[in-house]
Amino acid sequence: MKCDWNASLLKQNCALLLACVFVFSASVTVAQYEPKHVSAIRTQVPIKLDGILSESCWSEAPIAKDFIIDRPTPGVAMPFQTEVKIVYSDIALYIGIYNHDPAPDSIMKQLTGRDQEGNSDYCGCTISCYRDGVNGFTFVSSPTGEQWDARENSESGEDVSWNAIWDVRTTIARDGWIAEFMIPFAAIRFPENDQQNWNINFFREIRRTRQHAFWKGVDPLVSGYLTQMGTIDGINNVKAPARIFLNPYASSYYVRSENSDYKLSDGFNYNGGLDLKLGLGPAFTLDATLIPDFGQTLSDQLILNLSAFDIQFNENRQFFIEGTDLFNKTGIFYSRRIGFDQPIGFYSVYDQLNEDEEVVENPVQDQVINAMKVTGRDSKGLGIGVFNGITAGSNATVRNIETGEERQIRTSGLTNYNAFVLDQNLPNNSYINVMNTNVLRQGSDYDANVTAFQFDLRNKQNRFSLNGSGAISQKYGQAYKDYEDPSDRGFKNSFYFSKIDGQWTWNTGYYLESKYYDPNDLGFLQAPNSAGYWGELNYNIYKPFGNFNSLWSSLNVSYNNLYDPYAFTDVNVTGNIGLNTKKFFTFNIMYEGSPVRGYDYFEPRVEGRVFRTYTNHMMGGWISTDYRKRIALDASVFYTTYENPGRYAFNWRFPPRFRINDRLFITYVYSSQNHYNDLGFAYAYEDEDALNPLFGRRDVISHTNVLSVNYAFNPYMTLNTRVRHYWGYSDFKSFYSLLNDGYLADLDAEASNLNFNSFTIDMVYKWIFVPGSELTFVWKKAIVNSNNTIPSSLSDDLTFTMGLPQQNSFSIRVSYFLDYHKMMNTFNSKRKQI
């Protein structure tokens, strides 16, 4: 049965839904949590960082106590007292946290390594120096002294990649445990005032009872953790120190590779460079990497991609993920474009070959020469970010088969990537953000420019939010001399209105991306030329009830269409409900589906053609057992039915977790994705001088196995290993031509099956021998292969994969942290002694 969607009916239903939500939300009252305040005292006594708090200044400092639980029972006093004291010197803030516990031998303290979350108690603090409700710095310690830190942002969340230079020492006492933090003023950014007045909050988790609490209570019904902080004063006449930090590094690699003929090649190479961090006044920092070395970066998790869209991979290079939250708001900055993208002329090489030539080498990536960024926020709440990265040009080598003569074909020139952002904090935790990205290429290749904005405006009670964004993209240069060509430029915009506090929350809005909007030279967008409307309703219970600790649920309905020409594409409905029991067993039930037939304008891969999609319904869910147990389990199962007979999908995931002891932790993940009688694009063929898409009915199957073994020798030394095998294939059954109305007709045709394998090993030994200084040894193994023969079983495929050409890389890298200001003070002090 063919169905057409009535857009006016959808809008009427959305209006009715929102009216109901207003009725529900009007009856909700928000619990009030008392404000809290603490003072710090200055000390002239040198503090020995030992986790004992024996200096006299600690006994004189005011105490912050009486923590309030936020989970699992919000608003209840923490059963064990926690006492916090703050003192400071000219150069650092010292925080002592005494975590009382009547059973210190029961304190959980799994070792995991820096910035890793384990099965352990912890305590820490968040500091918001500008009191804007949007930004902050978090410092955390476990009972063993393992460090965890992050930059906080109310929009983008926690940036765990941020690594400040600070220290902590801990001890286990007869009635609990103590953490003594030393946070240099150079590690944070604060206003240039004689009297500092900051927002601050302290927190603690007792892992064996899974009780988490804050000093200044945080109400889960109120939007935002950074808007619910206490205050601190008493920090007077401190100056932001000169921040000149150097991290010189040296690295060495031994690489052993096999080519397609199994011929071995190996070699050593040596690298050296410098990471620089320079303070520009009290609030801004310049970060630069000169002659960068990214050879120890974690391997990408490659998969078989049959879709019409690119895959967005995670950024694993430390320089490009640390402190980049300012650049991520508008969605036009994707740092993997720098040094990971194929050279712009990669495929043009094959069009320039003579009949008697072959390609000897064609680099798949441009090399990063250097990169820098300036970030910070001034006392008036204006955040400024500047980014610049430069990649070298690339050349392909081609050889004459008969004479052996070789020549070079340029595939890319020197390329300059730039980004500039202004982010202004506004009253009521609101903000407006404006950003520009620009890519300049040497030679005749085109250049690109994108300008975007985003705002979030909230009312005084922080209950409602109006969010909007927009962007304009343009390509220019010698390749785009005709500026009247509409494909040179495009635009997007979106607006949505939300209720963001209380048990009932909702949002509704629309988005639009024009046909030629393209931010992909330095951003990421799978496909433009789309628009749509949506409405979402959420209901949450944060306080325990019956046998449960909490409940969450959501319902989302979206209506989507092609922008140019305007045409309906699909309606999607998603919903889920989840519960956490009082035994900390968590489960979630989900539904996602398209209740009416739609139109897919992207799958045919030929402009102007469309594929009729079928109604489908996916049901499934996941479970997660109590992580406090030595053996825990996460598992998920999803089943999808389709309107067309014989087509269905069954996907499941099984990842058990084994905590052998407090040092050794093992996880295993098996994931199986099974799409039977799937319909999709096979290839395009010419018929009567026109390009036509060929579709196929196929089974698309994938198996993923990941084994991770993590061992911590101590809080500063870890050995982590990840072994991953991915096998994905597409097995064609029959073929169809695509008719003009979007339906399929049987066609006698052939196409090759697709078989893809990826096997990687990443073994990383890391030793933080002094704060900010590391020694790392890495072994990386990589096997990647694509062919047309499908093995009969997973074990056969693994055997086949292990016999393929492979590459092994062994590397060692040493970096050492140097504080120029501290070095000069030490030098001057010794000179005076002489």
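**Stop one: a strand and its partners**

Select residues 176-184, strand β11, together with β5: the two pair in the antiparallel sense over nine bridges. Strands here are DSSP runs of E with at least two residues, numbered from the N terminus, and two strands pair if DSSP finds at least two bridges between them. Before going on, note that this is a predicted model, where local features need pLDDT of at least 70, side-chain atom pairs count only at pLDDT 80 or more, and totals for chains, interfaces and linings use all residues. Residues are numbered from 1 along each chain as its sequence is written, and side-chain values use heavy atoms, leaving out hydrogens and water.

Zoom in on A92, whose bridge partner in β11 is P184.

A hairpin of three residues joins β4 to β5. Pick Y88 and you will find its bridge partner L93 in β5.

**Stop two: both faces of β5**

Is β5 buried or exposed? Select residues 92-100: nine of the nine residues are buried, that is, under 20% relative accessible area with a 1.4 Å probe and protein chains only. Color A92, Y94, G96, Y98 and H100 for one side, then L93, I95, I97 and N99 for the other; both faces are covered.

**Stop three: over to β39**

Finally, select residues 664-687, strand β39, and find D687 in it. D687 is partly exposed, with a relative accessible area of 37%, a class lying between buried and exposed (over 50%).

Technical notes: Helices (H or I, at least four residues) and strands (E, at least two) are DSSP runs, numbered from the N terminus.
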